Amino acid sequence: MKTILAGCMIALGLLASAQAAEPSAILLNGTVVTPERVIENGWVAVQNGKITAVAAQKPNIVGAREIISKDYIFPGFVDLHNHPLYAMFPKWVPNQKFPNRYQWRNHPGYHKIIQQPEDILVQKYFCDMDAYGELMALMGGTTSITGLFEPADTPKVEPCVVGLARNLDWASGFYGTAVGQERIGNVLGIWPSDQKLSAQTLSDFKAGKLDFIGVHLGEGKRSDQVNASEFAELEKAGLLTNKTGIIHGVALGDAEFTKMAAAGTALIWSPRSNFELYSDTADVPGALKRRVSVALAPDWSPTGSMNMLGEINYAARVIEKNFGGDISNKQLFEMATSTPARIAKIDDKVGSIKAGLYADLFMLSSKNDDPYDALTVAKPEDITLVMVNGVPLFGTLEAFTKLGMSTSETVAICKLERALNAAQLPEGGLTALADRLYGALAGQNIVLGNLVSC
Ligand SMILES: [Zn+2]
C-alpha cells in the first residue's frame, strides 16, 4: 500500500481480480431530478448502459442490483470547456491580473511552471495525465468532458482515452468503440497562430463533419481592445453559426449577443477562471436576456474550479454578488446538464434522466430540500455514486457493495472512504497513476496537484 502525496487523498488499497463484475441491470431509488420533473422516492432503471425507465413506481426487473436511498439522482454534468491534461498541476496563482489571455500565455512564469512541463510530460505520460483529469472531473459529477487537444507531435488518437468519463471530442462511445469518430471539436482561438493548431478541427467543421465546436474568444477584461476585436474575426472566419459555442466571451455585449441569438451561437461561461485571471467575467444575464444559450464549464484546475460541482458553487456566488441573483439555481443546474447537451447536439444521448438516454448520472447526499440549492453548496464528499454508460466508476463503499462490484480501489476523499472502479483505471489503479505523475512532475520541480478540494 502506498500513500499518494496529493493533498487530502490517500489510497487505502487496491482489490483487483481478473474481471470486473459490473451488474447488467441496476435500479436506483431516490429523488430523481430529470430535470423536467422532480420525482421524490422515484426510480431509475439502468440496463446495458442505457436508462430504460424513470418512474414513481419501482420497475419490475428480475435480478437487478438495487440502491435504495434518500439521495438525489442527477444527470451527469456535460463539460464543454476543459483542459484535462493540465489537471495534474497545482493551483496557479499569478501575482497579477491580465488584460487578455495572450498576456499570461506568453508570460515566462507561466511557461516555466505549466506550459513547458506539460509539453515535455505529455510525450510520455499522456494516458496518465488524461486519466488524472478525467478522475478529477468524475469526482465532481462530470460524466462527459471535452478539451483533449492533441499535441501536434503525439499520435492523434490514443486508445487509452476510452473509459472513465466520455471524451466528447475523442472517444464518446456514441459511435462504437473506435476512437476518432467524434462530431465535437475544439478551437483554441480565433487568431492565425491558434487556428493553425486547430487546423484539422476547422477543416472537419467546414466539411460538415462536426455538430459542434467550442472556440476560445474574448477572454480577458471586457475593456481590452484585443478581446473586443475578436468577435469580428469570428464572423469573418464564417464561424458565427448554430454549431458554435463561444468559450469565455467576456468582451461581448448586447450587439454581439443579438447576433449570436440570431445565428444560434451559444456561450460557454467559466467564471472562476475569468475572475482569477482577469477580475472580470461574461455578462451572462445580458446573454440570457437576448436568448443566447449559456453553458457552464470549469475551464481547467490551475485557475478555474477543479470540477463542475466546484464551478456551480462558484457561479452561484457570482450570480448573487455580481448579477443581483438574476439567474436561478435551476437555470444554473441546466447550464451544466441539459443546456450543454443541447448545444453540442447530444441531448438525445446525455444531459438528462430519460428512458433511452445513456445511463450517465450521479447520486448526491444532501439535507437540503431543494435539489438545485443542494448543488450550489455540495462538495465531492457528498457524491455517493457516479456512473457512465451504466458502469459505476466512483462511489461510496456501500454503493459499490450493493451493486456487487467485485473489484475496486479504496481511496480517502476528504477523509471519507470512497471506491473507484479498478477495472476502468490505468494499471495499478489511482495509487500507481498518482505515483507515476508525482515522480514525473518532481523531475520538473513541481508537486502533483490535488485531485479534489475539500
Ligand atoms: Zn480554455
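Helix H2 (residues 108-138) supplies the largest share of the lining of the largest cavity, three residues. Helices here are DSSP runs of H or I with at least four residues, strands are runs of E with at least two, and both are numbered from the N terminus. The model is predicted: local features need pLDDT of at least 70, side-chain atom pairs count only at pLDDT 80 or more, and totals for chains, interfaces and linings use all residues. Residues are numbered from 1 along each chain as its sequence is written, and side-chain values use heavy atoms, with hydrogens and water left out.

One cavity of 30 Å³ or more was found in a search of the whole structure. The largest cavity holds about 60 Å³ of space. A cavity is a set of points, on a 1 Å grid over the protein atoms alone, where a 1.4 Å probe fits but cannot get out; lining residues have an atom within 4 Å of a point. Points are joined across faces, edges and corners, and the volume is the space filled by probe spheres set on them. The lining residues include Gly 133, Met 136, Ala 137, Trp 300, Ser 301 and Met 306. His 83 and Ile 145 are also among them.

His 83 also belongs to the zinc site. The zinc ion is coordinated by NE2 of His 81, His 83 and His 216, at 2.0 to 2.1 Å. Donors are N, O and S atoms within 2.8 Å of the metal (3.2 Å for Na, K and Ca); water is not among the atoms, so sites may look incomplete. The donor spacing in sequence is H-x1-H-x132-H. His 81, in the loop between S6 and helix H1 (101-105), and His 216, in strand S10 (residues 212-217), link distant parts of the chain, 135 residues apart. Both His 81 and His 216 are buried, that is, under 20% relative accessible area with a 1.4 Å probe and protein chains only.

Strand S7 (residues 142-145) pairs in the parallel sense with S6 (residues 77-78) over two bridges. Pairing requires at least two DSSP bridges. Phe 77 has Thr 142 as its bridge partner in S7. S7 also runs parallel to S8 (residues 166-167), again joined by two bridges. Here Ile 145 stands opposite Asn 167.

Thr 376 lies in helix H12 (residues 371-377). Its relative accessible area is 5%, so Thr 376 is buried. Beyond neighbours within four places in sequence, Thr 376 contacts Ile 312, Asn 313, Ala 316, Arg 317, Asn 329 and Leu 332, with contact meaning heavy atoms within 4.5 Å. A polar atom of the Thr 376 side chain lies 2.7 Å from the backbone oxygen of Asp 373.

Definitions and conventions:
Buried < 20%, exposed > 50% of the residue type's maximum accessible area, 1.4 Å probe, protein only. Polar contact = N/O pair within 3.5 Å; in protein donor to acceptor, adjacent residues only side chain to side chain. 1 Å grid on protein atoms, 1.4 Å probe; cavity = no way out; pocket = protein on both sides within 12 Å on 5 of 7 lines; lining within 4 Å.
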